[in-house]
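Look at the sequence and structure first, then read the points below.

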Amino acid sequence: MQFLFSDQMLDTDRRELCRGSHRVAIEPQVFDVLVYLMENRDHVVSKDDLIAAVWDGRIVSESTLTSRINAARKAIGDSGRDQKLIRTIARKGFRFVGTLRSQPAESPDDADHPANEISESSRPMLSPLDRPAIAVLSFTNMSGEPEQEYFSDGISEDIINALSKLRWFYLIARNSSFIYKGKAVHIKQVGDELGVGYVLEGSVRKEGDRVRITAQLNNVSTGAHIWSEHYDRSLADVFAVQDEIAQAIVAAIEPQLYAAEDFRARRKTPESMDAWDLVMRALSHYWRVTRQDNMVAQALLEKAISIDPNYGQALGLLAASHMFSAHMGWADMADAIPIGERAALAAIRADSEDPWAHYALAIVYLFTRRFDDSLAEFELALRLNPSFSPARAYYGVALAYCGQWEDGDSAARQALRLSPRDPFAAVYCGAAAYAPFVGGNYDEAIRMSREALRQRGDFVGAHRVLTVSAAMAGMNEVAEAALQELRRAQPNISLSWIANQMPFKRDVERERYLDGFRRAGLT
């Protein structure tokens, strides 16, 4: 069905919104809100009706609903002040009030033609996006068995569903990206026609009870391969394999996308950088886990927030950066907590379904000893995006601080499995070192802390775990050398600092940690 209003057309079959000859970038959930309002334009739609239709009845905050209505208005050239097309009826709901006519969708014949047979004039010019967009092409079935098409399509659809949870990027709907299925097209053509900066493609080869899935992420503007990987699995449970591979691919490509965006932003002059560019630059510094880089990240994020005070991504990352700085001993915890909490809550108000916002608030709650609230926020962040490795690793740290070291160890190692080449992998290794320390496995704690330091030599957290683990294992020379390196990375380290700043839930863990530092020579 096509809905036509003013100079715009919304096509429910193609899931496209066009203004004149220009296609308008729109998030899937916002598209669904528009469709529901237009389909029910003859009456006021209550908030409960809208939530039931678009969110399948899930609990949704008032701020989330408001943000989607605002985004819907913006997409069709309306605003909360004007309300020319979408009107808010006080205490009742919403109604689409624009002049609207509907007609059957155009014949899909064009979609059956190879893309190069479509005339240039028939291709809509795409409006520039305020953040990057990704298209996932249907994975190629290399098995030579037509009946296996369902599996290759299923992998692609699972990846699309998993990528849709990355709220920092636009994702092209399946109906648009799958039109290239079975066609030999260059990624530049895909990028031009879909208006995307990145294309994920791949193949599936199934032989007997084994399957090999190959995936590759491409930069449209340069034609370069940003990332590629293959996964070999047994097909004992086909659906479990699909879920696992989709989650692994998304966890692996997310930091690669951020890195590519940082590289693009670095090529701009400072005065031409927008809020998104500044956040990408900040993220690259945040990942380096040094005091100076965190200070640079915070300055960039403050600048992004000055451009857009309600920029949820900038607010969430700012909160996480301040709390990480305090955890590493680079900032005073008493100063960091109010800044972090304000920024994290503002990020949630801006977008209550952004996992980074809940990740940041979880860290705030951890260091204010609100342990149950902290674990709940980490778990919410992971429900919103199961591939979110930073949240999974820090969730492991929080569990270990609560004495649940086995669950903490499992969470940290899952973060490493999901994203072994992550720029934050040193932190994941640090989490996987601290958990076995709590469990009394000092050899494993030493091994993982050394791996963390191999990746990031200035990582304070790994120096701490190496110091106490070596001391408790009776490796006095190693412990003394580690303490010397720790003092260089964190000059203010002391027994008093540890006792007051580290969020141990149980006294027994705090005392053993302090005992390890005493044995190493810390006062």
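Strand 2 and strand 3 form a hairpin with 4 residues between them, and Arg-15 in the turn has a positive phi of about 55°. Strands (E, at least two residues) and helices (H or I, at least four) are DSSP runs, numbered from the N terminus. This is a predicted model, in which local features need pLDDT of at least 70 and side-chain atom pairs count only at pLDDT 80 or more, while totals for chains, interfaces and linings use all residues. Residues are numbered from 1 along each chain as its sequence is written, and side-chain values use heavy atoms, with hydrogens and water left out.

- Strand 2 and strand 3 (residues 16-19) run antiparallel and are joined by 4 bridges; two strands pair if DSSP finds at least two bridges between them.
- Met-9 is opposite Cys-18 in strand 3.
- Strand 1 (residues 2-5) also pairs with strand 2 (residues 8-11), in the antiparallel sense over 4 bridges.
- Gln-2 is opposite Asp-11 in strand 2.

**Nonpolar cores**

- The largest nonpolar core has 143 residues, of which Ile-159, Tyr-286, Tyr-359 and Ile-498 touch the most other members.
- A nonpolar core is a set of buried Ala, Val, Leu, Ile, Met, Phe, Trp, Tyr and Cys residues joined through side-chain atoms within 4.5 Å, where buried means under 20% relative accessible area (1.4 Å probe, protein chains only).
- Helix 17 gives this core its largest share, 12 residues.
- A second, separate core of 30 residues includes Met-38, Leu-65, Ile-86 and Phe-96.

Note on methods:
Buried means under 20% relative accessible area, exposed over 50%, partly exposed in between (1.4 Å probe, protein chains only).
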